Amino acid sequence: MPGVSVLVIPTLGPFHILHPRYNGVTVVELIKLHQPQKIFLASYSPEELAAQRWRDQNEVSFFHVLPWAERAGLEIEALDEQAHLKAEADRFREALRQYPKGQQLLHQVQGLEESLQALLSTPRTPEDFAQEAVLQVLKAYHQGYAQVFGEGPATGFRRQRMEQVAQRLRGAPGRGVVLVDALEYPWLLENLPAERYQLPGAHTPTELERQRSVLDRAWQLSESDDWAVLLEQLQEVESPEALYCAAQIYLAAKQPEDAFALLEQLVHSEFQHPAYLPGYTLARYGQLADLLGRRDQALRAYRAVLGLSWVPEEARAIALAGQKTPFSLEQA
């Protein structure tokens, strides 16, 4: 039977940061183990890939997978030819919010959203997503929406789009990996012959995954964390991103001088990866310069943020605000 033998990996968007054993680097490690000839993106169109639209969607795993694939010389092919239909879901819900009857309908699916949130925010392993219990929660989410709204704009036409993606995969030669949004994952499996795909199995985390989990924990810094232990772990990671996260801890501890010293070291090094790091680094560097009374230096940093070809929206907002008003510790 012709066609592609694929490993199907569900991606969790921004939720990967909550899963120490299924983080963005885990996805890279799973791909490496499969040794594919090509990586397919089931939930993105060629136009979205070319425009790197995934960055604004905070598709966490792609920040690691796509640079690695480029270095490895692996081709990336986006398969969703109907990705424009996804935007209809946002427009549909926004329209419903304008009217009392629509608000009532949205209230009917609130429980589905809460179940989905619980599933995606509870730490899991890759093999968990091959379990029927997890698939049932994802299917129940879609079935509930279909009962209230029908299959269409409210669901982003997910089933329709994944039928088309599966058809394309059946005709593709070679050994591949398919990355698919977790919400579209059940529909893709439903449309692929069982003998044509496999799912991630038991996986032992690598050192790179462990380091990623430390960084992810630091990005979620809270009062309940042991900041001293986290700083020690970040020192072991020894990456530009670890320096940034350590500076964040010092700022949270009201030690801006120590935080600034770390970012001073960082901005005079190579800190282009992950792609979100330059924007966040320069924005925070500007704020710390403001705290230390170095307004000219702060303004140069804010301008540098706005001069980047792409920057996370949060970092852009920091730079725009910083240009107008010097940052103060009360805002931290």
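I looked up Glu-184 and found a salt bridge with Arg-158, the closest N and O atoms being 3.0 Å apart; a salt bridge here is a side-chain nitrogen of Lys or Arg within 4 Å of a carboxyl oxygen of Asp or Glu. The pair links distant parts of the chain, 26 residues apart, with Glu-184 in the loop between β4 (175-181) and α9 (185-191) and Arg-158 in helix α8 (residues 158-170). Helices (H or I, at least four residues) and strands (E, at least two) are DSSP runs, numbered from the N terminus.

The model is predicted: local features need pLDDT of at least 70, side-chain atom pairs count only at pLDDT 80 or more, and totals for chains, interfaces and linings use all residues. Residues are numbered from 1 along each chain as its sequence is written, and side-chain values use heavy atoms, with hydrogens and water left out.

I then checked burial (buried is under 20% relative accessible area, exposed over 50%, partly exposed in between; 1.4 Å probe, protein chains only). Glu-184 is buried at 1%, and Arg-158 is buried at 17%.

Next I took Asp-290, which forms a salt bridge with Arg-295 at 3.0 Å between the closest N and O atoms. Asp-290 is buried at 9%, whereas Arg-295 is partly exposed at 23%.

I searched the whole structure and noted 16 salt bridges. One of them joins the side chains of Lys-38 and Glu-77 (2.9 Å, N to O). Lys-38 lies in strand β2 (residues 38-41) and Glu-77 in strand β3 (residues 75-78), so this pair ties together parts 39 residues apart in sequence.
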